[in-house]
Amino acid sequence: MKLRHVLTAVWNCVVVRILVVEDDPTIAEPLVAGLARNGFDPVHVRTGRGALSSMAGVDLVLLDIGLPDLDGSEVCRQLRSTSDVPIIVVSARSEEVDRVVLLEMGADDYVVKPFGLRELIARIRAVARRASGAEPAVQRFEVGPLVVDVRAHEVMVDGAPVELTPKEFDLLAHLASDPGAALTRRSILEEVWDANWYGSSKTLDVHVASVRRKLGHPEWIQAVRGVGFKLVTDAPPPDPVGTGEAPDGAA
Ligand code: CA
């Protein structure tokens with residue numbers, strides 16, 4: 001069992017069942033699959049009335065604002081009148097709602113579509129943690145001189161902090177969660193970008209290049225031909241070209 005999955009399982013002693021209220025199947029299907037893959041127990045309903053009648057045993061609600069029957073904000077108000085279950089509102093950019101209004105309605109947080117699975121899971125954990133008062137499992141990966149502290153959102157190399165963008169951080173945290181394992185491009189794109197990522201995978205290469213440069217050890221993130229990437233902090237120093245790729249004889 002991978003470390004990441006152990007940590008997820010530990011945390012899921014606190015949060016298990018997530019009610020996904022979403023009428024759009026192109027969003028709901030990958031979202032439900034992604035939550036299940038990360039150890040949650042998602043329950044999917046397509047309407048506001050469905051949500052109001054499916055609350056038994058639910059630990060957290062992901063609530064789409066644009067629903068076919070009741071307005072999401074009305075669902076939020078009604079849920080809140082009978083339950084203090086954490087609610088994360090999901091809104092499309094076109095129907096972006098004032099954050100203050102959402103919080104007044106009783107929502108605990110909100111995300112705007114399109115969002116990445118990893119970002120959403122971080123929000124779910126933060127909201128559930130605040131709601132339960134429980135501390136989550138420590139998510140800190142130490143790989144040789146590299147430390148990736150997911151809770152503190154910090155990266156250190158030999159004790160010195162490294163500044164990464166949010167996506168770069170997620171990418172490195174994903175690689176560090178299973179050091180030495182060759183992770184496929186597909187799985188990295190799904191985990192770090194979106195369960196439903198249709199963009200160019202060139203984005204991944206650009207981020208890998210940037211993380212390599214910022215870590216100051218380009219050889220740590222190795223390209224695995226035909227597969228993807230792996231994190232190896234005890235790799236030999238880079239070739240003179242300094243790309244971190246295997247020398248191809250062109251140097
Ligand atoms: Ca909708």
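**View A. Ala223 stands opposite Phe229 in S12.** Strand S12 (residues 228-231) runs antiparallel to S11, and four bridges join these two strands. They belong to an open, antiparallel sheet of three strands, ordered S10-S12-S11. At its edges are strand S10 (183-184) and strand S11 (221-224), each pairing on one side only. Here, two strands pair if DSSP finds at least two bridges between them. Helices (H or I, at least four residues) and strands (E, at least two) are DSSP runs, numbered from the N terminus.

A word on reading these views: this is a predicted model, in which local features need pLDDT of at least 70 and side-chain atom pairs count only at pLDDT 80 or more, while totals for chains, interfaces and linings use all residues. Residues are numbered from 1 along each chain as its sequence is written.

**View B. A second open sheet has four strands, in the order S6-S7-S8-S9.** The pairing in this sheet is antiparallel too. Strand S6 (140-143) and strand S9 (160-162) each have a single partner strand, so one side of each is left without a neighbour in the sheet. From one strand to the next, the twist averages 20°. In the pairing of S7 (residues 146-149) with S8 (residues 154-157), look for four antiparallel bridges. Val148 has Val155 of S8 as its bridge partner.

**View C. Helix H7 (residues 166-176) lies across S6, S7 and S8.** H7 runs at about 115° to S7; angles go from 0 to 180 degrees between N-to-C directions, and axes are lines fitted to C-alpha atoms, for helices over the stretch in contact. The helix is mostly covered, with nine of its 11 residues buried (20 or more other C-beta atoms within 10 Å of the residue's own, C-beta atoms being placed from the backbone). Among the buried residues are Phe169, Leu172, Ala173, Leu175 and Ala176, together with Glu168, Asp170 and His174.

**View D. H7 meets helix H9 (residues 202-215) with axes that come within 10 Å.** The two axes cross at roughly 85°. H7 and H9 are therefore roughly perpendicular to each other (65 to 115 degrees). Lys167, Glu168, Leu171 and Leu172 of H7 make the contact with His207, Ser210 and Val211 of H9; residues are in contact if their C-beta atoms, placed from the backbone, lie within 7 Å. Three nonpolar, two polar and two charged residues take part. Ala, Val, Leu, Ile, Met, Phe, Trp, Tyr, Cys and Pro count as nonpolar, Asp, Glu, Lys and Arg as charged, and the others, Gly among them, as polar.

**View E. H7 also packs with helix H8 (residues 185-193), their axes 9 Å apart.** On the H7 side, the contact involves Lys167, Asp170, Leu171 and His174. Their counterparts in H8 are Ile188, Glu191 and Val192. By class, the residues of this contact divide into three nonpolar, one polar and three charged.

**View F. The whole chain has nine helices and 12 strands.** Stepping back, 34% of its 251 residues are buried. Of the contacts with a separation of 6 or more, 55% come from residues 24 or more positions apart.

Definitions and conventions. Contact = placed C-beta atoms within 7 Å. Buried ≥ 20, exposed ≤ 12 C-beta atoms within 10 Å, placed from the backbone. Parallel < 35°, antiparallel > 145°, perpendicular 65-115°, else oblique.
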